[in-house]
Amino acid sequence: VQLQASGGGLVQAGGSLRLSCAASGSILSIDVMGWYRQAPGKERELVATITTDRYTKYADSVKGRFTVSRDNAKSTVYLQMNSLQPEDTAVYYCNTLLTVLRGTYDAYWGQGTQVTVSS
């Protein structure tokens, strides 16, 4: 199983970015998909998650600014980030809970994509 993330970059405060993460491989079914981030010197934290039936959960710090969505047909999760602030600067990791063809249920991580917000 591979998670390929894309869409990070450098943006000025107040700007927007959209992250994408596509899952591929021997996947039977995908449960929760989401995004975490890790800033320098800090622990990895949850940003947003979305279930198969599109129930969403957000960190308080991003509510109203970020939107998580998914395309089940493409096994892809998105994170639309608006009104970005310097404190959003971090490496963003996609994460998914899924069942592979042999039947095991586990969590998988993408490689991380850097988001830098300048003031």
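This is a predicted model: local features need pLDDT of at least 70, side-chain atom pairs count only at pLDDT 80 or more; totals for chains, interfaces and linings use all residues.

User: What makes the protein as compact as a globular protein of its length?

Analyst: The protein has zero helices and 11 strands. Its radius of gyration is 14 Å, and the globule rule gives 14 Å for 119 residues; the two values are close, so the protein is as compact as a globular protein of that length. Along its principal axes, the C-alpha trace spans about 50 × 25 × 20 Å.

User: Which share of the residues is called buried, and on what ground?

Analyst: Buried residues make up 43% of the 119 residues. A residue is called buried because its relative accessible area is under 20%.

User: How do you know that Tyr-58 is in contact with residues beyond its neighbours in sequence?

Analyst: Tyr-58 belongs to strand β6, which covers residues 56–58. Contact requires heavy atoms within 4.5 Å. With neighbours within four places in sequence left aside, Tyr-58 is in contact with Val-47, Ala-48, Lys-63, Phe-66, Thr-67 and Val-68.

User: Why is the pairing of Tyr-58 with Val-68 called a polar contact?

Analyst: A polar atom of the Tyr-58 side chain lies 2.9 Å from the backbone nitrogen of Val-68. The cut-off for a pair of N or O atoms is 3.5 Å, and 2.9 Å is within it; therefore the pair is called a polar contact.

Conventions: Residues are numbered from 1 along each chain as its sequence is written. Side-chain values use heavy atoms; hydrogens and water are left out. Helices (H or I, at least four residues) and strands (E, at least two) are DSSP runs, numbered from the N terminus. A polar contact is a pair of N or O atoms within 3.5 Å; within protein, one must be able to donate a hydrogen and the other to accept it, and residues adjacent in sequence count only if both atoms are side-chain atoms. The radius of gyration is taken over C-alpha atoms; the globule rule is 2.2 Å times the number of residues to the power 0.38. Buried means under 20% relative accessible area, exposed over 50%, partly exposed in between (1.4 Å probe, protein chains only).
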